[in-house]
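Visitor: I would like a close look at one part of this model. Please take me through it step by step.

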Amino acid sequence: AFADPGKAGEGFPFDYMQNTAVWPGTPLYLSHLSADGAFVLALCRYASGWIPVNDVAFTDPAFQKEYRARPLLAVTRDRVPLRDGSGLFRFEARVGMLLPLQAATAEGYEVLLPVREASGRAALVTARIAPGDAEALPLPATAANVARVASSMLGEPYGWGGLFGHRDCSALLLDLYTPFGLGLPRNSRQQGKAGTVLPLDGLADQDKEALILAKAAPFASLLWKPGHIMLYLGSRGGRAMILHDVWGLRTEESGREGRRLIGRVAVTTLTPGAELPELKRPEGLLLHGLRSLVLLAPFEPPDPDAP
């Protein structure tokens with residue numbers, strides 16, 4: 001359901017029937033089966049929707065008990081291929097994925113991968129993952145750790161609702177903070193309420209940026225505008241810097257609205273594209289549309305008068 005492809009911000013890749021990607025190993029509650037048996041209605045921690053039945057594996061109490069009994073590893077580097085003990089590729093490890101730990105070895109970790117058998121039942125197979133690709137949950141929530149995990153997703157393509165296994169703006173942040181034990185909501189509007197909210201409405205653009213620079217905690221603060229969510233990284237050259245997964249910037253030429261595509265995870269200022277003559281002003285400036293600053297944890301900004 002791509003709405004009107006002739007309108008900017010609609011059409012591909014915005015499939016409004018697509019809700020989210022769900023990584024392998026995510027526990028699901030299945031409540032309904034479609035009349036033809038091809039789909040199941042599934043609920044996970046952050047979303048619900050219909051999934052092809054062949055993409056899920058059914059568990060029994062013994063499987064669930066074993067799965068729950070293990071400590072969990074959090075994947076910290078994106079798109080690491082996972083192969084079982086016989087060398088067979090099973091799936092990619094993705095940031096945001098949690099895997100049960102079987103054992104720690106000199107070479108890294110032995111983890112359990114949930115796989116679907118021909119019968120549709122779930123089974124566990126072993127795989128190895130290097131120490132730099134996964135760590136015990138939760139990681140210490142330091143700026144350095146958040147930056148390290150985020151760096152493995154830089155440049156990845158934008159994917160609305162998990163299209164083609166890619167992320168959108170809110171999925172990026174949901175997955176980024178999972179290794180730190182922080183379960184953010186799935187959509188940007190809810191993430192914009194997921195901490196201590198400082199309103200930015202009614203402020204001039206330069207005052208918004210000044211407040212962000214004064215109050216936001218790098219790598220622990222979100223910036224929300226309707227339809228988009230961003231992570232504050234800190235300042236460079238007196239400008240606020242952000243990490244976000246962004247499709248494009250609003251443009252207008254000869255009265256027709258369009259998009260200047262970015263289409264990936266990027267680090268920018270709050271005014272990317274300000275140099276473009278076709279950028280729609282002021283609506284095309286991210287800074288202009290900001291509504292709130294969200295502090296994910298209590299934070300006291302540094303005292304500028306302190307020695």
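Visitor: How many residue pairs are in polar contact between domain 1 and domain 3? Please start there, then show me what surrounds that part.

Guide: The count is 9 residue pairs in polar contact between domain 1 and domain 3. Keep in mind that this is a predicted model, and that both residues of each pair have pLDDT 80 or more.

Now place the two partners. Domain 1 covers residues 1-56, and domain 3 covers residues 143-295. Domain 2, residues 57-136, is the other division of the chain. The centres of domain 1 and domain 3 are 25 Å apart, taken over C-alpha atoms. Domain 1 brings 15 residues to the contact, and domain 3 brings 18 residues.

How is the size of such an interface expressed? It is often given as the accessible area lost when the parts come together. Here domain 1 and domain 3 bury about 1500 Å² between them. Of that area, 62% lies on carbon and sulfur atoms.

Look at the domain 1 side. Three residues stand out: P13, F14 and W23. Together they supply 32% of the area that domain 1 buries against domain 3. By class, the side of domain 1 that touches domain 3 has 8 nonpolar, 5 polar and 2 charged residues.

What about salt bridges? Side chains of opposite charge can pair when their charged atoms come close. Across the interface of domain 1 and domain 3, the count is 0 salt bridges. The overall count, by the same rule, comes to 19.

Go back to P13. This residue sits in the segment before strand 1, which spans 29-33. A cis peptide bond joins F12 and P13, with omega of about 5°. Most peptide bonds are trans. A cis bond also joins R281 and P282, with omega of about 0°. P282 lies in the loop between strand 15 (256-269) and helix 6 (286-289).

For a salt bridge, turn to D78 and R94. Their side chains meet at 3.1 Å, N to O. D78 is in the loop between strand 4 (72-75) and strand 5. R94 is in the loop between strand 6 and strand 7 (98-105). The two residues are 16 residues apart.

R79 also belongs to the loop between strand 4 and strand 5. R79 is not a glycine, yet its phi is positive, about 60°.

Strand 5 (residues 80-83) and strand 6 (residues 89-93) pair in the antiparallel sense over 4 bridges.

Methods
Residues are numbered from 1 along each chain as its sequence is written. This is a predicted model: local features need pLDDT of at least 70, side-chain atom pairs count only at pLDDT 80 or more; totals for chains, interfaces and linings use all residues. Side-chain values use heavy atoms; hydrogens and water are left out. Domain bounds come from an automatic or database domain assignment. Contact means heavy atoms within 4.5 Å. Buried area is the accessible area (1.4 Å probe) that two parts lose on being put together, summed over both. A salt bridge is a side-chain nitrogen of Lys or Arg within 4 Å of a carboxyl oxygen of Asp or Glu. A polar contact is a pair of N or O atoms within 3.5 Å; within protein, one must be able to donate a hydrogen and the other to accept it, and residues adjacent in sequence count only if both atoms are side-chain atoms. Ala, Val, Leu, Ile, Met, Phe, Trp, Tyr, Cys and Pro count as nonpolar, Asp, Glu, Lys and Arg as charged, and the others, Gly among them, as polar. Two strands pair if DSSP finds at least two bridges between them.
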